[in-house]
Every structure is written in structure tokens, then in C-alpha cells.
Amino acid sequence: MRTDLHRQLTSPLTAVRNLGILAHVDAGKTTVTERILYLTGTTHKRGEVHDGTTVTDFDPQERDRGITIFAAAVSCVWDGHRINLIDTPGHVDFADEVERSLRVLDGAIAVFDAVAGVEPQSESVWRQADRYGVPRIAFVNKLDRAGADLDTAVESIRRRLHPAPLVVQMPIGTEDGFTGVVDLLRMRSLVWADGSDTAEEGPVPDALREEAQRRRGLLEEAVAELHPLALEEFCAGSPLSARTLALALRDLTRTGDGVVVLCGSAYRNRGIEPLLDAAVAYLPSPLDVPAVRGTEDGTEQERAADPGAPFAALAFKVNATATGRFTYLRIYSGTLRKGETVMDAGTRRAERIGRILRVQADRHTELDRAVAGDIVAVVGPKSARAGSTLCAPGAPLVLEPPTAADPVVSVAVEAGRGTDTERLVTALARLVEEDPSLTVRTDPETGQTVLSGMGELHLEVAVEKVRRLHGLDVNVGRPRVTYRETVTRGVSGLVYRHVKQDGGAGQFAHVVLDVEPLEAGDDGASGFEFRSTVIGGRVPQEYVRAVEAGCRDALAEGPLDGHVVTGLRVVLTDGATHPKDSSEMAFRTAGRFALREALRACAMVLLEPVAEVTVTVPDDALGGVLGDLAARRGRVTGSTVRAGATVVTAVVPLAELFGYATRLRGRTQGRGAFTTRPAGHAPAPGTASEGASAR
């Protein structure tokens, strides 16, 4: 079933799949990607993570560390379908790469470890996919490992991710004896001999026939509960046909009501062919997903996935290299041709497309054109960033960009030699251009350059990239976390009058504010809510908006320690205007100073970022690890026993986790491991302020 990647395809959009590989770190997603590339004939040698020979982990740091750091796009062909595949990072520090990829994908393959089941980052990327409504199928990997259990892994999917898992295979053999799978739809066996790239098809082994029939019955029942047409056939008293099951599984996958589960061992090249067949059969094409929505002058518009429609594409990744600046695009509508001029809808700047490239990780094939449904890289745009919309100049449209998380860890960076300061500034600017989850600012008190990101490893990778690519000696300070301030008890009826008269037209604004804590979940996106209850037109609507803008200005610096303020609701209850001296500027100024004064009167507390830590520790070292977590102000939330080790889950302040990897290795003689994921913010001890109103 191999097909040459470079032959010209005449297949329509129904034969295109834009898919991502999602998983926790070390679940095997990069190995899955490598086997897909090998089986589709895209590569002619199987790449291995431990050898540093994979196609998608081509960056030197990825090969040195043995993990995926940057999302890598590849393209292959299977059974007449073009599959544009993005291998995403599994480490929590690079979750923003996953977020940007999910924004442009139509479907995903979620990879799970057959021993560990659902792991912390598995859950995080699953929730990210939920937010974007990305249909998924699941692949339980590493069934050849000691302790591997398909049923236990599926139960963890059901319990922790809450989909309806629809298991369409059962393993043949266990652990090291795993040789193949039983296909429960067609009731056949697929067995891979040692060293073989393709499966041998045969009947279900006699020893497994009864169990296979039982599992087929469970699959039919589960599908019939969720799909009306399958239920109709099921109630007629006859077993569901393979065709009915396949159609129902396709519908349930695309609506998100069910998740097809397959199994195998990517390392041993077992189970990848049926996984590809399932991806083509069940996951959607660009025509199967809703038309993309965007705005133009405040009006919402739709663009269908039609090569003849006006061009619209979303940039989801930028890679600035020594040989050029590559902008990765998902084309949603229209056709893009080499040499055309398009418009950046955000900046209204014209951009010329010099080259269009079919991406194969760090290699590229030139194209003359790309159409709706394609994922390609282009060379030419100078100002486009991740999240920018490129569109036809005559049909502007702004697409919703992927959401960017706020940085939580910062380090001070400086050039080792004073003469390299300007070069460092340029290098950091390029970093931020490529990775929007990084920010660079100058500390107003110390004058230091501060680099902020999603975690310690994220910043370590960024600094190392500057050193390697730009040949700079960089000094790095100790990591610091990003704190927030919030209101624990508000104030009511705070009156602020802004009057300024210095010749000519003056400034006048009178506002009355209530400030109260914003309960968790009321506004999880911004942590701030503004309302107006003014009646009788005492404050015109344009001035109300100005007051809100002024309040948002005031949130940048809190009264405790100058950190950003979050988690509060401000209500404008009354106000007054002057017929000549009132203006939007005056009310914005009044809003800013009024909220600053109100915050000084509120009871406030400092919030510190916390992380959920999952530590796998040998039983003989458990006491020392628990004591160390307690010393780091950790709060243990659960523990389970798994194959001679204990898995401890705890919530720990992020500031206390710096250097934890080294400490854990020391306490467990190198046998312990841990993962983290963000768990929001929590009050820092001893930081509460009662506010002026309580004094």
C-alpha cells in the first residue's frame, strides 16, 4: 500500500486529512510518527528516538534530550489520501506549541502508554483538543512492555477523560509475546512476524474466538447506545454488520460522542497499518468540519473549504532560520499561488509570497500553488506572526487566533560580553517572533533584560537556542515565578472625582465603583469582569467604555507588590459629567485612579503559580520523597501503587520545584521520575493585606 509521496495527486479535498499526534512525554508519539512515515513510503529507514535519527525531532536539542520540543509538520500518502501530520510536544512546558497546532487541525491521534494509561499531560492535551472541538481516535501503544494492559488503559481513558471509548481491537499475546491484534469489526487476526513491515491476515485464533465474540458484542452495544441507525439494526435482533459499525464509528468520532480505540507497539512496527486505515476512515476531511468563521468590520463571516473561494489562511508557526523566514499556514479557503500578493488582515500590510513549500520536517518540496485544506510553509511574509490571518486583499477576513497562555517563570539574561548586548537583543526578538509564549521585557528597577516562559525547561531550551544559533555567551539568573494579586474582600461605593483645569478645556469625570472578588469560573479567560448599573444616562455609554479601559489599565500594577491584579469584578454604579469638560480621556483617567484607590482599600492577597506534580518513586524511597514534598510546601492529593512503585500526586508551588529533578534523582538513586502540569494560582502564605477599609 506504499505510495510515492511526490507523485501528483488528483484526489479532492475529501482525500485530505490534517491530523496531529498528541500524547504525554515518552508515550511514543514520535515513534508512531516515524512508523507512519516509513509505512507510507515517505522514508526508507525507520528513525529511532534513542539514536537521534527521527525525521520530526530534527533540532539538535531534541536529539540531545530525546524529547519533542517543537511541533513538526510532515506529509505522507496512504491509500490515496494525503495526510498532513503534525508531531506535537508532550512536555508541559511546550503546551503552547500544542495549542497552536490544534487550532489548525481537523483531527488527532491520541497516543497512550499501555502501562501508565492516561498521564497528566495526556489529560492536558485532551482538554486542549476539547476546546477546539478536534475529533480524535486513540492508540494504546507499548503493548509489548511488561505490565501492559489494554483494558486498564481503556478504563483510565473512560474515567479521566470521560469519552465513550469504542475498542475495535484486542491484542494477541501479552507483554513480550504481543504479536498482533484481532480486528473486531471484520473478525480477523492481523499478525506481524518479527522483522516484518506488513501484517499477515488470518482467522481469529481458536483460543481467542470466544473472547473476541464477547468484545464484539460489547462494541455493538456501546455503538447502539450512541448511534440511532445502529440502534435500529441492533434492536432488529441481528448482529451489526461491519459496514454499519464503520459508518457509526465514523459519525461518533466526528461528533465527539465516541472515541475509537486501537492498540499496538509502534517500536516493533505492530498496529500502525490499521491505525492509518482508521485515521482515513473515521477522522474528518476539511470538507467534513464546519466552515471557518472570521470577522470583518465586526461582522461575522464564514468561508467554506473551497479552492474557488477568496483566499484565507491562518499562520500557526513561524521559523526564522539563517536561510530564510518560514511561515507555516493552514489554508482554509481559496488558492494561493507563488508570486501572489496577500494581505495580513491584522496589520493591513501587503505581503508577497515568494515560495510555497510542502513541509517534511526540516526538508521542503517547492509547490506552484496550494489550495484550501493544505498545510504548507511560505517564504516572503515579513510581519506575519503565529495567529496572523493572511487573506485576499479584496476579501479581508480576520480568523480567530490560538489562545496564548501567560508566562509563569522568568529569568534575567545578559550578554557575557558587553559588546554583544545588541546581538542578544536581536536574538531574543527572533525567539519571541517564533514562540509567542515567550516574552522579553526590561525590568524598570534593575534595568535587566527579563525572559519569561512556560517553565524552567522552556527557558533553558530558549537560552540554549540563542547560544547555539547566534554563538553568544549568555549569563542567566536564577528562575523567578510570576505572581498575581487578587481581591479577597471588596469595597462598595468608592467615589472618585477627576478634575483638572490648566487653561482651555478642562477635564471632569465623576465615578462611583464597587469592587468584589470574582468567583472561580466566572471569567476564567481574563480574571476580570466589568459591569455598569448606571441608569438614566448619567454616564453616556462611550464614557462607560472609557471607565472600563481605565480600570484595565489599573490592573497592570497591584498595591501589594506591583504584580498584575486578577480575579475581581468592578461595577460602575453611578457617575456625573460636565457639559464641556467631560471626555473619554477624562473618564479613562478617572477609572484608572478610582480602581487604584479602591484596591488599596480592599483586602488583597498575593497569588503564586502552583503545579500538579506526579512523582513515580520506588517503595523504599517513598518516605524521603514525601518528606521532601512537604518541605517544598506540597500538598499530597493522591497516591496509587503500580508495579512495585508508588505514584504520588501533589500540588506544589512552582517556585519550590526549581532544581527538583536533581533532588529527586539523589533521593531515589536515579530511579524516580516526575512530571508537572500547571494547576493555576493559589494564595501565597503570609501575603494577605486587610486593606484600608478594615483598619
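Predicted model: local features only at pLDDT ≥ 70, side-chain atom pairs only at ≥ 80, totals over all residues.
The protein chain contains 15 helices and 39 strands. Its C-alpha trace spans about 95 × 65 × 65 Å along the principal axes. The radius of gyration is 28 Å, which agrees with the value near 26 Å that a compact globule of 695 residues would have. Of these 695 residues, 54% count as buried. Among contacts between residues at least 6 apart in sequence, 72% join residues at least 24 apart.

The largest nonpolar core has 47 residues, of which Ile-109, Ile-137 and Val-223 touch the most other members. Helix α9 (residues 272–282) provides the largest share of this core, with seven residues. Leaving aside neighbours within four places in sequence, the contacts of Ile-137 include Ala-108, Ile-109 and Ala-110. Further along the chain, Ile-137 is also in contact with Thr-253, Val-259, Val-260 and Leu-262, and with Leu-275, Ala-278, Ala-279, Tyr-282 and Leu-283.

Helix α4 covers residues 120–132 and has 13 residues. The distance from its first C-alpha to its last is 19 Å, close to the 18 Å expected at 1.5 Å a residue. Its buried residues are Pro-120, Gln-121, Ser-122, Glu-123, Ser-124, Val-125, Trp-126, Gln-128 and Ala-129. Just after α4, Gly-133 adopts a positive phi of about 65°.

A search of the whole structure finds zero disulfides. Cys-551 is accordingly in no disulfide, and the nearest cysteine sulfur, that of Cys-602, is 12 Å away. A disulfide is a covalent bond between the sulfur atoms of two cysteines. For a pair to be counted as one, the two sulfur atoms must be within 2.5 Å. Cys-551 counts as buried because its relative accessibility is 0%, and the cut-off for burial is under 20%. Cys-76 is also buried, with a relative accessible area of 0%.

Cys-551 is one of the residues touched by Gly-591. Gly-591 is found in helix α13 (residues 584–601). With residues up to four places away in sequence not counted, Gly-591 touches Val-547, Gly-550 and Cys-551. Gly-591 has a relative accessibility of 0% and therefore counts as buried. The C-alpha atoms of Gly-591 and Leu-572 are separated by 9.3 Å, and these two residues are 19 residues apart along the chain.

Notes: Residues numbered from 1 in each chain as written. Heavy atoms only, no water. Helix = DSSP H or I, 4+ residues; strand = E, 2+ residues; numbered from the N terminus. Expected span 1.5 Å × (residues − 1). Buried < 20%, exposed > 50% of the residue type's maximum accessible area, 1.4 Å probe, protein only. Contact = heavy atoms within 4.5 Å. Core = buried A, V, L, I, M, F, W, Y, C linked by side-chain atoms within 4.5 Å. Rg over C-alpha atoms; globule rule 2.2 N^0.38 Å.
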